[in-house]
Amino acid sequence: MADKRIELNGEEILKTLSPLRRRYAVYKIIRKVINGLVTLGVIACFVGPFLLFKYEIVSGDTRLYFMGFMAIDFVLIGFRFACGKLCDKAKRKYADTYKQLISRPVLDSCFDNAQFEPDAGYPREEFRASGLLPIHAGHTYTSEDLITGTYKGVAFRRADIRITHESGGKHKTTVVDADGRLLEVAFHKEIRESIRIVKEPKAIRLFSEDVLVETEDMDFNQKFNVYARDKHSAFYFLTPPVIEYFKQMYDRDDAIYITFNGEKLYFLISGHGGIFEPPYREFDIWDEVRKCKSELEEIREIIEDMQLDVVARQEEMLKDS
C-alpha cells in the first residue's frame, strides 16, 4: 500500500507552533531562576539572621528576622509552584498542538481507519492480561498516545507504556521496569493456545501447564525461550518467517517482550521513548514528517515481515469462497 499524500501548510503550522514553543521556553527559564532563588532563600533563612547579628548590622529579637526570611521564602515557593503549573501547561499545550497538526496527518497517510488519542492509553488490565510483564498493586502504570488502525487488513493498537515500582527500605528508589512502546496486532491463524517468547531464562510462565519449547533453529533457541501449553501450537505459530523476524528484532534491540494469547500478538519494546515527541528548538516541518513516518515504520514492518498481511488476505479469501 503506497503512502497517501500528506497535505500540510508548513508556514501556517510554524506560525501556530513557534509562539507556543517560545512561551514554554520562557516559563522554563523563569522556573529555573525561581528554583535558584528558593534555594538561596532557604540558606538565607538560617544564615541571614546569624550574620546580621554577628556583625551588628541589626539588633532586636532574632526571631523577627528569622520569620521575615521565612515569609520571603514562602512567597518564593508559592511563585515556584505557580510557575511550575504554568510551565507544565505550556509544555502540554505545545505538545498537543504539535500532535494535532503534524502527527495526525502522518498517521492518516500511513494507515487505514487511523485514530490517535494523545490522552488515552492502553488499559492496565489489558496489559496485565497480555502476559508481557507481571504488574502488581505496587507498580505504577501509565500509558498515553494510543494509536489504532489497520494496515493491509491487519488491525493494530499501539501506545506508550511506562511501568515503575519503589525499591529499597528507608531510602527508596524508583525502578523503571519498562519505558517503551506496546504494539498489539491481530493474528488470523486458528491457534487458541497462549505462547510466550522471552529472552530471560528465569521468566515466569503464563500457566503452570506451560512447557519449554525448542525449535530446530539453534540461534533462535539461544536468543529466546518459548513457553506454551501445547508444542504443536507453538510450532504452528513459529513459522520460518516469524522466527527469522524475531531474531532480527533481538539483534536490533534485545529489550523486547513478545506474547501471543490465541488471537493477538503483543510486542513490548522497552527502552524506547515515546513517539510523536515534539522538538523544543527551531525545526523543519518536513524533517518532522519524516521522523514521524520513520517511527511508525515499526508497525508496518512487523506486519509485512511476519507476513501477517498475507495471512489476513488468505482468511478473507476463505470467507468469500
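Predicted model: local features only at pLDDT ≥ 70, side-chain atom pairs only at ≥ 80, totals over all residues.
Which residues form a nonpolar patch on the surface? I started there, and found Ile 29, Val 33, Leu 37, Leu 40 and Ile 43, with about 470 Å² of accessible area together. A patch takes residues with over 30% relative accessible area and no salt bridge, joining like charges within 9 Å and nonpolar side chains (Val, Leu, Ile, Met, Phe, Trp, Tyr) within 5 Å. A salt bridge here is a side-chain nitrogen of Lys or Arg within 4 Å of a carboxyl oxygen of Asp or Glu. Areas are Shrake-Rupley values with a 1.4 Å probe, and for residues only the protein chains shown count as cover.

Residues are numbered from 1 along each chain as its sequence is written, and side-chain values use heavy atoms, leaving out hydrogens and water.

I placed Ile 29 in helix 1 (residues 10-54); helices are DSSP runs of H or I, at least four residues, and strands are runs of E, at least two, numbered from the N terminus. Ile 29 counts as exposed because its relative accessibility is 55% (exposed is over 50%, buried under 20%, partly exposed in between, with a 1.4 Å probe and protein chains only).

Next I looked up the cores. The largest nonpolar core has 54 residues, and Phe 237, Phe 246 and Phe 267 are among those with the most contacts inside it. A core is a set of buried Ala, Val, Leu, Ile, Met, Phe, Trp, Tyr and Cys residues joined through side-chain atoms within 4.5 Å. Helix 7 (residues 285-305) gives this core its largest share, seven residues. A second, separate core has 16 residues, including Leu 133 and Tyr 266.

Then the rings. I got twelve aromatic pairs from the whole structure. Phe 224 and Tyr 250 make an edge-to-face one, 5.4 Å centre to centre with 75 degrees between the planes. Rings of Phe, Tyr and Trp (its six-membered ring) pair with centres within 6.5 Å; planes under 30 degrees apart are stacked, over 60 edge-to-face, the rest tilted. Phe 224 is buried, at 3% relative accessibility, whereas Tyr 250 is partly exposed at 23%. Both belong to a cluster linked by ring pairs, along with Phe 220, Phe 237, Phe 246, Phe 260 and Phe 267.

Last, the backbone. Asp 145 is not a glycine, yet has a positive phi of about 55 degrees. Asp 145 sits in strand 2 (residues 140-151) and is buried, at 0% relative accessibility.
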